[in-house]
Amino acid sequence: MENRTYPMPLIGDKAPAFEAESTQGKIRFPKDFKGKWVIFFSHPSDFTPICTTEFVLFGAMQEEFEALNCKLLGLSVGTNASHIAWMRSIHDRIEYKGHRHVALRFPLIADMSMEVARMYGMIQPSASTTAAVRTVFFIDPAATIRAVISYPMQLGRNFDELKRILVGLQTIDRHHVALPADWRPGDDIVVPAPVTYDGTDASAEGMTCCDWYFCTRPFAETKESPVEGAPKHADERHATAGKERSEADAPAKEACTAKMR
């Protein structure tokens, strides 16, 4: 039977629905993940070193993602038997970056037909016709795709960035803000560029402006943290780091303010 082809889902699209077998039983997506954020990711192959390092970190960070109301869902072109044997090997034998005996409790889809992988554009023929690249989809509780990253097979993912994207998207949704490059919780946010002449007045209290279109302001996190459900110590760590970065940026902010006077 000829393989079907699909356009790769894009930001703003509804995540394609599917049913598939996994290491945690049958998956009905998105039905089984109702009300949750989902990080849906693919990897090229079981029993390979880069994928193994990634799975150690996915397992080590699973509770952090769950605290953010986010479920992990993995996929590769392989059998359930292979997946389970590999995951047991990771738990029993692998140590990476201080993590060992990591329990991998998230489902890993066995996509031998490559049907789901093709549906999500995870099979990219210029890289491989039989193995998935390292694609990551960030899918919100409404089953809408909010961000997509693809890594080549030879490069492992940046897990700090995966978490930063998730936290950033949740912050945007909950507080209707815009976030600048390399934003971390506790950092300043950007003020949208004005769309009227009167809006170019950059004298609003609390804003730092380098020009009429480029202004930032502190983002005061409420008791109801934008990182919903995050442990208190994590919120405190983010706030402290944000304050330190803000203090380091103070001279530049003062210079910008002086220019606008």
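**Aromatic residues in a predicted model**

Phe 214 lies in strand 12, which spans residues 214-217, strands being DSSP runs of E with at least two residues and helices runs of H or I with at least four, numbered from the N terminus. This is a predicted model, in which local features need pLDDT of at least 70 and side-chain atom pairs count only at pLDDT 80 or more, while totals for chains, interfaces and linings use all residues. Residues are numbered from 1 along each chain as its sequence is written, and side-chain values use heavy atoms, with hydrogens and water left out.

**Confidence**
- The protein averages a pLDDT of 87, and 79% of the residues score at least 70, where pLDDT is the predictor's confidence in each residue, from 0 to 100.

**Aromatic pairs**
- The structure holds 16 aromatic pairs, that is, rings of Phe, Tyr and Trp (its six-membered ring) with centres within 6.5 Å, counted as stacked when the planes are under 30 degrees apart, edge-to-face when over 60 and tilted for the rest.
- Phe 58 and Phe 106 form an edge-to-face pair, 6.2 Å centre to centre with 65 degrees between the planes.
- This pair links distant parts of the chain, 48 residues apart, with Phe 58 in helix 1 (residues 49-60) and Phe 106 in the loop between strand 6 (99-100) and strand 7 (108-110).
- Trp 212 and Tyr 213 also form an edge-to-face pair, at 5.5 Å centre to centre and 75 degrees between the planes.

**Aromatic cluster**
- One aromatic cluster is formed by Phe 18, Phe 29, Phe 33, Phe 40, Tyr 120 and Phe 137.
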